[in-house]
Amino acid sequence: MKSEFLKKRKKWLSILSQSDYGQLSSLYSDLKFADKYEWIKKPEHASVMVRGRIGGIGSQFNFGEITITKCVLLLNECMGYGYVQGRSFDKAKIAALCDAHLQSFHYNLVMENIIQKLEKKKNVEIDLIKNQMASTRVDFFALDTQRTKNQKADK
Amino acid sequence: MYVAVKGGEKAIKNAHDWLAQIRRGNTKISEIKISQLSEQLTLSVDRIISEGSLFDRELAALALKQSRGDLIEAIFLIRAFRTTLPRLATSKPINTTKMICKRRISATFKDIPGGQNLGPTFDYTHRLLDGLKGPKNLVIDTETDRAEDLDMPKILDLLNKEGLIEDQIDTLEEPIDITRSSIQYPTTRAARLQALSRADEGFLLGLAYSTQRGYGGTHAFIGELRIGLVAVNVEIPELEITITVAEIEVTECETINQFTGSKKELAKFTRGYGLVMGQCERKAISMALVDRALRWKELGESYQNVPTQNEEFVISHCDNIQSTGFVEHIKLPHYVDFQSELELVRKIRSQQMKD
């Protein structure tokens with residue numbers, strides 16, 4: 001039961017973190033929640049050191065940093081966590097509010113009207129990249145050189 | 001020795017005000033927006049991200065504008081800003097095999113699973129100034145341009161399966177972070193890769209070229225070059241889960257290099273590795289060449305007394321903020337310093353004249 005919840009939460013937090021702020025805030029305001037929350041930890045900017053692997057598969061090395069914004073709030077006895085890419089306090093706040101609502105009886109409402117829509121947009125973007133890349137797929141032909149011509153003639 | 005000076009407040013203020021005026025340029029021409037820079041000068045922004053070592057497109061674009069387009073000045077601004085951020089966590093290592101690729105090519109194998117995909121490249125353009133033709137719609141043929149089978153295994157893994165290339169073992173060693181502790185020589189490959197990934201593109205390019213022209217010589221092929229999006233996963237201890245906190249664009253280059261083998265080992269290929277934030281293909285290739293050259297000792301190659309075999313030379317001088325800090329500081333007042341030199345030379349001369 002608990003692991004099922006954690007699995008779902010992992011997914012929605014991951015979708016919220018990479019969402020487009022404009023889309024997230026408009027979807028959230030459409031739901032017209034009258035949120036009464038209190039801050040546990042106000043939004044703050046921070047960095048995460050990103051690791052890579054040597055040769056893509058070997059030992060780890062420190063690659064470079066990214067900016068993120070983090071906050072924690074309490075809404076209707078649910079702790080909402082906001083972890084988002086970039087430096088937007090408001091985006092982190094909305095993500096935390098969504099996280100709190102998703103732990104309440106608003107689950108279906110928020111899942112259908114926010115998370116699934118964000119996910120859909122993300123998938124459309126990924127499909128577009130994949131299609132565009134596939135359209136640039138090439139077949140290179142190695143041309144005959146005098147040497148390969150001679151080899152063929154010998155046969 | 002440097003002795004501090006005081007004064008000049010008014011002159012400095014006027015100089016900075018003039019700088020702001022010049023940065024704005026002719027006010028009859030509309031001011032450029034940060035979003036225009038981040039959307040339209042993407043490769044400048046990517047270079048600031050890579051050498052500033054902080055992935056944040058908006059900040060990089062702001063730095064580009066504030067610095068009047070001086071990339072090293074912009075990188076300086078980003079480096080200064082990143083020191084103000086508390087470090088929240090260290091991510092899980094990114095998985096480049098799962099990259100959502102925009103470009104993926106191999107110069108060593110013609111037919112590869114997933115195919116050769118050029119992506120948005122300058123390659124094969126005519127390099128003619130053509131007055132910036134506007135964007136055209138891509139002709140995507142859904143019959144032949146199948147996107148669904150874009151499973152893209154690593155090319156070097158295919159060689160690895162045959163045992164033809166050195167394996168890359170995870171030693172589970174905790175890598176040092178050169179932003180937190182200074183590099184001690186001899187250093188590790190992990191520390192070198194971190195330094196090279198944030199290094200100056202021009203410096204790496206020159207060094208990489210030197211290895212190709214004969215100062216050293218590791219004879220590299222591009223086994224695989226890929227550009228695309230990777231997820232950054234971070235464990236959140238209080239929630240007991242690992243979430244994707246971000247998605248970043250990276251460029252990865254893996255080279256295949258000759259290795260003749262030794263008494264202990266059969267001949268096989270070796271690897272050079274380049275990984276750079278943003279779309280920085282030239283730098284990723286250069287990085288892989290320099291990485292491979294620096295591995296001479298580990299691979300038992302002979303020392304040829306060339307720059308790219310000297311890790312202290314390469315790593316100590318590859319960072320453009322360190323370099324520019326020291327090179328440019330000599331333009332600041334050194335009056336007291338020089339005064340003592342002047343007195344010394346006068347004294348020696350008068351002594352020499354007496355003799």
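Modeller: A nonpolar core is a set of buried Ala, Val, Leu, Ile, Met, Phe, Trp, Tyr and Cys residues joined through C-beta atoms within 7 Å. A residue is buried with 20 or more other C-beta atoms within 10 Å of its own, exposed with 12 or fewer, and partly exposed in between; C-beta atoms are placed from the backbone. This is a predicted model: local features need pLDDT of at least 70, side-chain atom pairs count only at pLDDT 80 or more, and totals for chains, interfaces and linings use all residues. Residues are numbered from 1 along each chain as its sequence is written, and chains are lettered from A and ligands numbered from 1 in the order written.

Biologist: Which residues touch the most other members of the largest nonpolar core?

Modeller: This core holds 97 residues. The residues that touch the most other members are C98(A), I48(B), A60(B), V232(B) and V290(B).

Biologist: Which domains of chain B does this core lie between?

Modeller: Domain bounds come from an automatic or database domain assignment. Both domains give residues to the core, so it lies between domain 1 (9-82) and domain 2 (96-318) of chain B.

Biologist: How many residues of chain B are in contact with chain A?

Modeller: Contact means C-beta atoms, placed from the backbone, within 7 Å. Chain A brings 51 residues. On the chain B side the number is 66.

Biologist: Which element gives the largest share of the chain A side?

Modeller: Helices (H or I, at least four residues) and strands (E, at least two) are DSSP runs, numbered from the N terminus. Among the elements that give two or more residues are α1 (2-17) and α4 (107-134) of chain A. The largest share, 10 residues, comes from β2(A).

Biologist: What is the bridge partner of E65(A) in β1(B)?

Modeller: Strands pair if DSSP finds at least two bridges between them. Here 2 bridges join β2(A) to β1 (residues 54-55) of chain B, and the strands run parallel. The partner of E65(A) is L54(B).

Biologist: Which residue is joined to P186(B) by a cis peptide bond?

Modeller: P186(B) lies in the loop between α6 (155-161) and α7 (189-197) of chain B. Omega is about -5 degrees, and the residue joined to P186(B) is Y185(B).

Notes: Two residues are in contact if their C-beta atoms, placed from the backbone, lie within 7 Å.
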